[in-house]
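Student: I would like to work through this structure with you, with the cut-offs stated as we go. Could we begin once it is on the screen?

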Amino acid sequence: MRVLISGASVAGPTLAFWLTRYGFDVTVVERAPSPRKSGGHAVDLFKPAMDIVEKMGVLDRIEAHEAGTDIISIQRGGRRGLVELPEALITSAVSQRHIEIMRDDLSEILYEASSPTAEYIFGDSITALTEESTGVHVSFGKAPDRRFDLVIGADGLHSNVRSLVFGPECGYSHWLGEYLAVASIPNYLDLKDRALMFPRVDRLAGIYSAKQLQDARAFFLFRTPEPLDYHLRDVDRQKQILKHLYADFGWEVPRMLAELDTTDAFYMDSITQLRMDTWSKGRITLVGDAGYCPGPAVGGSTSIAVVGAYVLAGEIAAAEGDHTRGYLAYEAALRDYVHRSRQLALTASSTLVPKSRLGLLALVHGARILQHLPSPLAHTLSRLVAARRLNIHDTFTLRDYQHVADRRHISQSTDQQEPEHNWRQ
């Protein structure tokens, strides 16, 4: 059974790994000319995603590429000194198992785990999808047309597959009022194990590095009263907007903004949730940010992408390739997790980028109180405060699809004698 996946970032390679494990013939098409190796920005994997990558046999490699940010240092406007918190104090409120890794490092590890058994096509994209009674006719920008039994969009927030099948993005995207920008700049502060942050009302600036990086990442989270007017691929315009919004910021920001003129590694996008009644139509479905992005940087979207890919592969296999049953079970398994991640994103965005002077004081003074508490008490208080809203990851139960893999081996043995009974054909 032939499956086409669009997108080779996180969800796509994870999905390819598990589908090929279950005996499917998988092709992954990616618009970028090659696997990304620029580092990207830091992302989080929480407990269920950690459990999955451990099942995949890549946990050791992921741990070796851990970003290594141990301390969060918060600059207090108009005051001397920093409020310093262990990062583990913050992440433990969300999940008891966690790792931070640069996105492109994670993508490369997942690609290398899946590429021996899946076909990858780089530098191309889907231009048309026509569903037929026995499959999906797919047209590409460069490659010849092909037919697949299933097509899955794992191509991110601005999904091409979603646009082709479900219509314009504006029908499903919900802007949270904020934007994120990340730029690669020289590590002129010689950061190793800490991230520096300077929050203000409606704006946050920060800088961090990672163990594997020679440079650093400048990041900006900010709120605007109305959506900004720029094209997604107009990087020069995006940099101009950022410079204007942070022109009076002070601290390290003037140096950070000056470096924008010399960097090619720059990303800016809205903090947007994808809200769809269903992620599937016929033989085509969506996974990760393409179908249910809770909000980049604030909703744990990378973890949910890994979990979604694992569950989708398992449910397709458990349904013996029947997309109608498999997709329905996939959506049922993920729906509550996705809903709760959206609520988490709303809470996190309001906390990280305070909407008022009172919110800013609560953020800084709350961090200062935690800083001076004994470590065990601080961890306990952090978990108690967050328990009702933030503990969405550790409470999600992964289904074990080992029986699917076992059935595949049995099926393969039977196929050698009776090939006509191969459910994967």
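**A sheet, a cavity and a pocket**

Tutor: Buried means under 20% relative accessible area, exposed over 50% and partly exposed in between, with a 1.4 Å probe and protein chains only, while strands (E, at least two residues) and helices (H or I, at least four) are DSSP runs numbered from the N terminus. This is a predicted model, in which local features need pLDDT of at least 70 and side-chain atom pairs count only at pLDDT 80 or more, whereas totals for chains, interfaces and linings use all residues. Residues are numbered from 1 along each chain as its sequence is written, and side-chain values use heavy atoms, with hydrogens and water left out.

Student: Which residue of strand 11 does Leu4 stand opposite?

Tutor: Two strands pair if DSSP finds at least two bridges between them, and strand 1 (residues 2-6) pairs with strand 11 in the parallel sense over 4 bridges. Within strand 11, the residue opposite Leu4 is Val151.

Student: Which residue of strand 18 stands opposite Ile152?

Tutor: Strand 18 (residues 284-286) pairs with strand 11 in the parallel sense, here over 3 bridges. Strand 17, by contrast, runs antiparallel to strand 18 and is joined to it by 2 bridges, with Ser280 standing opposite Thr285. The residue of strand 18 opposite Ile152 is likewise Thr285.

Student: Which strands stand at the edges of the sheet?

Tutor: The open sheet is formed by 6 strands in the order 7-2-1-11-18-17, with mixed pairing. Each edge strand has a single partner strand, so one side of each is left without a neighbour in the sheet; these are strand 7 (119-122) and strand 17 (280-281).

Student: Which element gives the largest share of the lining of the largest cavity?

Tutor: On a 1 Å grid over the protein atoms alone, a cavity is a set of points where a 1.4 Å probe fits but cannot get out, a pocket is an open set with protein on both sides within 12 Å along at least five of seven lines, and lining residues have an atom within 4 Å of a point. Grid points are joined across faces, edges and corners, a volume being the space filled by probe spheres set on the points, and the largest cavity holds about 50 Å³. Its lining includes Ala8, Glu30, Arg36 and Phe122. The largest share, 3 residues, comes from helix 5 (residues 103-114).

Student: Which elements give two or more residues to the lining of the second largest pocket?

Tutor: That pocket has a volume of about 270 Å³, and of its 13 lining residues, His158, Glu169, Tyr230, Asp269 and Ser270 lie nearest its centre. The elements giving two or more residues are strand 12 (173-186) and strand 16 (266-274).

Student: Is Ser133 buried or exposed?

Tutor: Ser133 is found in the loop between strand 8 (126-132) and strand 9 (135-140). Because its relative accessibility is 70%, Ser133 counts as exposed.

Student: What is the mean pLDDT of the chain?

Tutor: pLDDT is the predictor's confidence in each residue, from 0 to 100, and it stays under 50 over residues 372-388 and over residues 416-425. Where pLDDT is low, the predicted coordinates should not be read in detail. In the chain, 86% of residues reach 70 or more, and the mean pLDDT is 87.

How values were computed:
Contact = heavy atoms within 4.5 Å.
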